[in-house]
Amino acid sequence: MEIYLIRHTKVNVEKGICYGQKDVDLAESYKDDLAAVKEQLKDIEFDLIVSSPLSRAKRLASDIFGEQVVEDVRLMELNFGDWEGKVWDEIKDPLFPAWMEDFVNRKCSNGESFVMLRDRVLEFWNEIKLKDCKKIAVFTHGGVIRTINAIVKDIKLEDSFNEPAVDFGEVTIISISK
């Protein structure tokens with residue numbers, strides 16, 4: 001089985017803004033970004049196409065595969081709760097310093113910890129590996145892909161940030177033998 005992890009394309013968000021589950025617009029370069037992702041996936045027959053319901057991932061999936069796309073909320077990015085849409089450097093929440101010290105285990109105000117993200121992604125991953133499919137496309141977000149890579153490579157969550165980040169529109173292929 002081959003699982004294609006596709007990160008959404010560039011977004012129209014100023015640098016330094018906290019966004020996870022906030023629905024944000026795609027960058028003006030979307031048409032070119034879409035064409036680049038399409039090119040990477042051309043001639044591949046997918047048995048299943050799954051996407052985060054957030055518009056930046058869902059639109060990319062739908063623009064390539066139309067009605068075939070199945071949404072799964074477990075593929076959503078980390079929920080930053082009260083911090084969504086705020087400038088990182090201007091977050092005044094008293095929980096923020098403790099979260100910065102241990103974002104893996106501590107949750108954002110009214111949001112998630114990285115462990116909580118991992119738990120829902122792990123549930124999705126374990127379920128998807130059982131599918132009777134040869135090729136699966138998964139349209140999602142950087143944090144989710146980082147988490148899946150940590151699961152596959154058996155890396156501690158706190159060490160996963162030492163791994164290279166996945167770029168916007170990047171396709172990562174993971175092979176699983178059954």
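How many positive and negative side chains does the chain have, and how far apart do the centres of the two sets lie? The chain has 25 positive and 34 negative side chains. The centres of the two sets lie 1 Å apart. Lys and Arg count as positive and Asp and Glu as negative, while His and the chain ends are not counted. Each charge is placed at NZ of Lys, CZ of Arg, CG of Asp or CD of Glu.

The model is predicted: local features need pLDDT of at least 70, side-chain atom pairs count only at pLDDT 80 or more, and totals for chains, interfaces and linings use all residues. Residues are numbered from 1 along each chain as its sequence is written, and side-chain values use heavy atoms, with hydrogens and water left out.

The chain holds five helices and five strands. Helices (H or I, at least four residues) and strands (E, at least two) are DSSP runs, numbered from the N terminus. Their order from the N terminus is β-α-β-α-β-α-α-β-α-β.

The radius of gyration of the chain is 16 Å, which agrees with the value near 16 Å for a compact globule of 178 residues. This radius is taken over C-alpha atoms, and the globule rule is 2.2 Å times the number of residues to the power 0.38. Along the principal axes, the C-alpha atoms fill a box of roughly 50 × 40 × 25 Å. The chain exposes about 9,700 Å² (Shrake-Rupley method, 1.4 Å probe). Carbon and sulfur atoms supply 47% of that area. Contact means heavy atoms within 4.5 Å. Among contacts between residues at least 6 apart in sequence, 72% join residues at least 24 apart.

Strand 1 spans residues 2–7, and five of its six residues are buried. Two strands pair if DSSP finds at least two bridges between them. Strand 1 pairs with strand 4 (residues 135–140) in the parallel sense, over six bridges. There, Leu 5 has Val 138 as its bridge partner. Strand 1 also pairs with strand 5 (residues 171–175), in the antiparallel sense and over five bridges. Here Tyr 4 stands opposite Ile 173.

Tyr 30 belongs to helix 1 (residues 30–41). Tyr 30 counts as buried because its relative accessibility is 5%. Beyond its neighbours within four places in sequence, Tyr 30 contacts Thr 9, Arg 59, Leu 60 and Asp 63. Trp 99 lies 69 residues from Tyr 30 in sequence and 33 Å from Tyr 30 in space, C-alpha to C-alpha.

Notes: Buried < 20%, exposed > 50% of the residue type's maximum accessible area, 1.4 Å probe, protein only.
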